[in-house]
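Q: I would like to go through this structure with you. Shall we begin with what counts as buried?

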Amino acid sequence: MPRVMRLFFGLILLTALACNLPVSTIRATPDLIGTNVAQTLTQYALQPTPIPSVTPQPTQILPLLTATPTTEPSPTPRAESSGDPRLQLGAPIYTETLDNGRSFGLEGKVYEDDNTLIRVQNGAMILTSKYATGYHGWRTGGRKLQDGYVEGLFRTGNCAGQDTYGLIVRSPDFIHGYWFTITCDGHYGFGYWDGEKYVNLLERRDDQQVIKTGPDQTNRLGVWLEGSTYRLYANGVLLDEINDAQFTSEGYTGAVIAAHETPGFTIYLEEISYWNLP
């Protein structure tokens with residue numbers, strides 16, 4: 001047979017065989033799809049989430065002693081809650097000693113804007129209000145807490161009158177949250193920042209005189225959080241109780257400062273402790 005004819009018949013035979021060659025197929029079964037998806041999600045879900053570097057949010061200059069009326073009944077101290085929670089609840093579940101600024105996004109960093117300076121040094125988070133304008137600066141971080149008792153240990157430098165500082169609780173996003181504040185002349189207040197303005201829920205004078213007033217003082221400020229109930233403590237003594245449902249989910253803690261009379265007013269947050277409720 002001529003060589004050309006043999007080549008022609010060989011190509012025809014190869015084509016016929018190719019039509020019957022086995023083809024490898026993999027069907028996408030539900031369990032296979034689920035496994036692939038789970039592996040993909042795991043690659044992302046198990047990555048650690050860094051604590052964001054949060055900056056204090058500028059606020060408006062807030063007037064003092066002008067409590068905003070609310071639909072809630074007037075806060076009434078509860079006699080059965082008058083004991084020192086630190087003694088009643090025992091050892092805290094955690095204490096932030098502020099040996100570094102990691103949990104507040106300040107490790108090896110200093111925050112400074114036109115009005116406020118914040119840094120962590122020598123076992124304290126130090127907040128300085130540069131000018132006596134009533135401008136509020138703050139920092140939040142630490143551990144999230146929903147229901148429980150949280151207490152901050154604050155020390156002041158030179159201060160007078162209505163220079164203000166205090167503890168932030170239930171901040172869901174480093175911006176919103178409740179503020180429990182005291183002044184250097186013995187007033188206290190409670191309210192929240194809603195993202196645009198401060199809503200003042202109460203402001204009163206400390207008639208029990210448990211707040212240590214004037215310069216170079218140390219005060220323990222605590223908030224008992226239970227649902228929509230907030231009990232305010234200074235140095236282990238119940239000052240007030242108030243109900244509000246603006247923020248009831250877990251949130252961060254922190255500190256706020258505003259100089260009204262003392263340029264360069266400085267506070268030192270030396271520790272924050274957390275307790276579970278019984």
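A: Buried means under 20% relative accessible area, and exposed means over 50%. Please note that this is a predicted model.

Q: By that cut-off, is L98 buried or exposed?
A: L98 is buried, because its relative accessibility is 0%. L98 lies in the loop between β1 and β2.

Q: What is the phi of L98?
A: The phi of L98 is near 60°, a positive value in a residue other than glycine. Most residues other than glycine have a negative phi.

Q: And what about N122: where is that residue found?
A: N122 is in the loop between β3 (116-121) and β4 (124-129). Its phi is near 50°, again a positive value in a residue other than glycine. N122 counts as exposed, because its relative accessibility is 81%.

Q: Changing topic, which residues of the largest nonpolar core touch the most other members?
A: They are M125, V150, F180, F190 and V223, in a core of 44 residues. Strand β15 (residues 265-275) gives the most to this core, with five residues.

Q: What does F180 touch, beyond four places in sequence?
A: Its contacts include Y165, L167, F190, V223, L232 and L239.

Definitions and conventions:
Residues numbered from 1 in each chain as written. Predicted model: local features only at pLDDT ≥ 70, side-chain atom pairs only at ≥ 80, totals over all residues. Heavy atoms only, no water. Core = buried A, V, L, I, M, F, W, Y, C linked by side-chain atoms within 4.5 Å. Buried < 20%, exposed > 50% of the residue type's maximum accessible area, 1.4 Å probe, protein only. Helix = DSSP H or I, 4+ residues; strand = E, 2+ residues; numbered from the N terminus. Contact = heavy atoms within 4.5 Å.
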